[in-house]
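Trainee: I would like to learn how to read a model like this one. Can we go through it feature by feature?

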Amino acid sequence: MKQKVDCKFCNCAITKKHLRRHQRTKKCLKRRQQHTLTQHNKKHREANKEKMSEEMKQKVDCKFCNCAITKKHLRRHQRTKKCLKRRQQHTLTQHNKKHREANKEK
């Protein structure tokens with residue numbers, strides 16, 4: 001039986017004799033490209049880890065209920081009962097203001 005080795009890019013078991021030929025196949029080239037992109041992304045994440053974590057912790061105010069929410073969870077917050085209730089109150093208040101202003105002009 002011939003000795004098989006693992007391709008370092010796609011982890012396929014290939015005979016040592018055919019390894020170079022295998023590394024020119026579309027399958028292996030595609031996985032190699034994905035591997036390099038993954039490595040690049042890891043390096044970028046490690047280099048900017050602190051900056052990214054600070055940005056994620058940054059709080060913003062919800063425009064409907066004025067609660068301080070992390071930017072990452074703002075959309076989730078806006079679907080909560082608390083925010084939906086305050087949003088409804090906010091829109092009713094806005095509607096009433098416009099209605100009052102229209103009646104004052106008459």
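Trainee: Where does Asn-66 lie?

Mentor: Asn-66 sits in the loop between β3 (59-61) and β4 (68-70). Strands here are DSSP runs of E, at least two residues, and helices are runs of H or I, at least four, numbered from the N terminus. Keep in mind that this is a predicted model: local features need pLDDT of at least 70, side-chain atom pairs count only at pLDDT 80 or more, and totals for chains, interfaces and linings use all residues. Residues are numbered from 1 along each chain as its sequence is written, and side-chain values use heavy atoms, with hydrogens and water left out.

Trainee: What about the phi of Asn-66?

Mentor: Start with the general idea. Most residues other than glycine have a negative phi. Asn-66 is not a glycine, yet its phi is positive, about 60°.

Trainee: Is Asn-66 buried or exposed?

Mentor: Buried means under 20% relative accessible area, exposed over 50%, and partly exposed in between (1.4 Å probe, protein chains only). Asn-66 has a relative accessible area of 61%, so it is exposed.

Trainee: Which loop holds Asn-11?

Mentor: Asn-11 is in the loop between β1 (4-6) and β2. Its phi is near 60°, again positive in a residue other than glycine. Asn-11 is exposed because its relative accessible area is 61%.

Trainee: Now Thr-15. Buried or exposed?

Mentor: Thr-15 belongs to strand β2 (residues 13-15). Its relative accessibility is 16%, so Thr-15 counts as buried.

Trainee: Which residues does Thr-15 touch?

Mentor: Contact means heavy atoms within 4.5 Å. Leaving out residues up to four places away in sequence, Thr-15 touches Lys-2, Gln-3 and Lys-4.

Trainee: Step back. What pattern does the protein follow along the sequence?

Mentor: There are 5 helices and 4 strands. In sequence order they run β-β-α-α-α-β-β-α-α. The radius of gyration is 29 Å, well over the 13 Å from the globule rule for 106 residues, so the protein is more spread out than a compact globule. That radius is taken over C-alpha atoms, and the rule is 2.2 Å times the number of residues to the power 0.38.

Trainee: What box do the C-alpha atoms fill?

Mentor: Roughly 95 × 30 × 25 Å, along the principal axes.

Trainee: How much of the protein counts as buried?

Mentor: Of the 106 residues, 15%. As for contacts with a separation of 6 or more, residues 24 or more positions apart account for 3%.
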